[in-house]
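Subject: Structure for your review

Dear colleague,

I would be grateful if you could read the notes with the model open beside them.

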Amino acid sequence: MTEQSAHEKYEFKKKLESLRDKKGRSTELISLYIPADKQIFDVTNQLKDEHGQAANIKSKLTRTNVQGAIESLLSRLRYLDKVPENGIVYFTGAVDIGANKTNMESEVIVPPEPITVYKYHCDSSFYLEPLEDMLKDKGTFGLLVLDRREATVGLLVGKRIEAFRNLTSTVPGKQRKGGQSSHRFQQLRLIAIHEFYKRIGDAADDIFLAVEPKDLKGILIGGPSPTKEEFYAGEFLHHELMRKILGLFDTAYTDESGLSELVNAAADKLQDLELMGQKNAVRAFFKELISDSGKVAYGETQVRANLEINAVDVLLLSEDLRAERVTTKCSVCGYENKWTRRWKPGEAAPTAGNCPNCGASLEVTDVTDVVDELSDLADRSNAKVVFVSTDFDEGSQLMNAFGGIAAILRYSTGV
């Protein structure tokens with residue numbers, strides 16, 4: 001199975017967002033999941049049965065729409081000689097487009113991962129859960145930062161850091177109270193430290209063992225010396241988890257911010273992780289920006305201009321960027337305009353609106369996806385394209401402060 005490129009993942013995610021927004025007036029939207037080992041003959045037979053059962057639907061409009069959707073599927077399946085290796089998914093039905101109107105729409109998706117179960121689903125929305133699961137980050141890392149006063153346990157799930165437990169100790173300070181012998185005080189202090197380490201181990205076991213073993217790629221432990229070394233040497237984690245420890249790393253903090261510090265400190269261990277590649281690319285952009293070297297560009301206009309002269313080395317695009325280059329024209333007075341429309345994931349794309357000259361409705365004559373266009377320009381000039389998540393601070397800043405489009409240049413262009 002070929003791994004998806006970052007651009008393919010972006011397109012897949014965007015397509016699911018579009019399908020998620022489509023609604024039917026009743027149970028008129030059909031989702032059909034066909035795994036590779038399913039015989040097309042069996043699928044067509046079931047669809048014919050469903051077509052017959054749909055004749056019993058009381059509402060004439062719903063009956064007509066459901067039977068129309070099934071007929072559309074049967075027509076498409078006639079041209080399918082063989083189910084693809086990962087299976088195939090059909091979405092079809094009468095989508096509500098407002099103003100008391102519907103439109104029969106169809107979408108076909110060959111998923112990036114194999115479909116394991118055959119499913120026919122009819123509802124007022126498309127059934128997307130199996131495909132949305134394919135977008136979830138599979139790799140998970142256990143995170144633990146500790147000293148003798150505090151500990152925080154969390155997970156790195158794909159690109160997202162989640163804190164789950166924060167523990168504080170009752171370990172007394174190094175200064176003993178009057179009347180206590182030095183030896184006895186030291187013994188009590190060591191017992192308290194041991195008990196705290198045990199509590200940390202129990203909390204970490206609860207969180208890390210709850211993760212599917214195949215998904216837990218490793219465990220990172222951070223904190224000041226010698227605390228983390230003491231904890232590791234004492235084997236306070238479950239024996240199965242001990243085998244998954246990737247390393248011990250120095251961190252100054254042991255609260256929630258210490259988890260981010262730990263991920264950064266373990267950069268070498270996580271170098272292959274998509275998060276680190278994205279973080280390093282964004283940090284390189286910020287470094288050039290601060291240095292005032294002139295080797296950066298941001299915003300659609302500036303970046304496009306540098307791509308056209310082959311000056312871009314790395315193109316940074318936010319995964320949350322939804323933008324299209326739209327050409328609109330007025331059929332009444334001939335007014336024409338090109339503009340970029342933007343929206344957030346889950347929102348509907350803005351409409352063309354009315355002509356500023358005569359007030360007539362503008363017609364959309366051409367639409368170009370900005371991400372596709374910029375990616376193609378980058379490919380032609382051998383620039384590296386990095387899609388950046390907004391699940392971490394720098395990625396969120398790229399989207400909010402720079403519009404989700406930025407570039408590191410090969411040389412200063414002044415553009």
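Predicted model: local features only at pLDDT ≥ 70, side-chain atom pairs only at ≥ 80, totals over all residues.

Residues are numbered from 1 along each chain as its sequence is written, and side-chain values use heavy atoms, with hydrogens and water left out.

Salt bridges

The structure contains 17 salt bridges, a salt bridge being a side-chain nitrogen of Lys or Arg within 4 Å of a carboxyl oxygen of Asp or Glu. Side chains of opposite charge can pair when their charged atoms come close.

Lys228 takes part in two of the pairs described here, one with Glu229 and one with Asp250. The N to O distance is 3.5 Å for Lys228 and Glu229, and the closest N and O atoms of Lys228 and Asp250 are 2.4 Å apart. Lys228 belongs to helix α6 (residues 227–233) and Asp250 to the loop between β9 (245–249) and α8 (256–265), so this pair ties together parts that are 22 residues apart in sequence. Helices (H or I, at least four residues) and strands (E, at least two) are DSSP runs, numbered from the N terminus.

The accessibilities of these residues are as follows. Lys228 is buried, at 1% relative accessible area; Glu229 is partly exposed, at 32%; and Asp250 is exposed, at 54%. Buried means under 20% relative accessible area, exposed over 50%, and partly exposed in between (1.4 Å probe, protein chains only).

A further salt bridge joins Glu162 to Arg160, with the closest N and O atoms 2.7 Å apart. Glu162 is partly exposed at 23%, and Arg160 is partly exposed at 33%.

Helix packing

Helix α10 (residues 300–308) packs against helix α11 (residues 370–380) at an angle of about 30°, with their axes 9 Å apart. Axes are lines fitted to C-alpha atoms, for helices over the stretch in contact, and angles run from 0 to 180 degrees between N-to-C directions. The two helices, α10 and α11, are therefore roughly parallel to each other (angles under 35 degrees count as roughly parallel, over 145 as roughly antiparallel, 65 to 115 as roughly perpendicular and the rest as oblique). On the α10 side the contact (heavy atoms within 4.5 Å) is made by Glu300, Arg304, Leu307 and Glu308, and on the α11 side by Val370, Glu373, Leu374, Leu377 and Ala378. These residues divide into five nonpolar, no polar and four charged. Ala, Val, Leu, Ile, Met, Phe, Trp, Tyr, Cys and Pro count as nonpolar, Asp, Glu, Lys and Arg as charged, and the others, Gly among them, as polar.

The axes of helix α9 (residues 274–291) and helix α12 (residues 393–402) come within 9 Å and cross at roughly 50°, and α9 and α12 are therefore oblique to each other. From α9, Lys279, Val282, Arg283, Phe285, Phe286 and Leu289 meet Glu394, Gln397 and Phe402 of α12. The residues of this contact comprise five nonpolar, one polar and three charged.

A buried loop residue

Leu270 lies in the loop between α8 and α9 and is buried, at 1% relative accessibility. Not counting residues up to four places away in sequence, Leu270 touches Phe141, Leu156, Leu220, Val263 and Met276. Leu270 and Phe141 are 129 residues apart along the chain, and their C-alpha atoms are separated by 9.7 Å.

With kind regards
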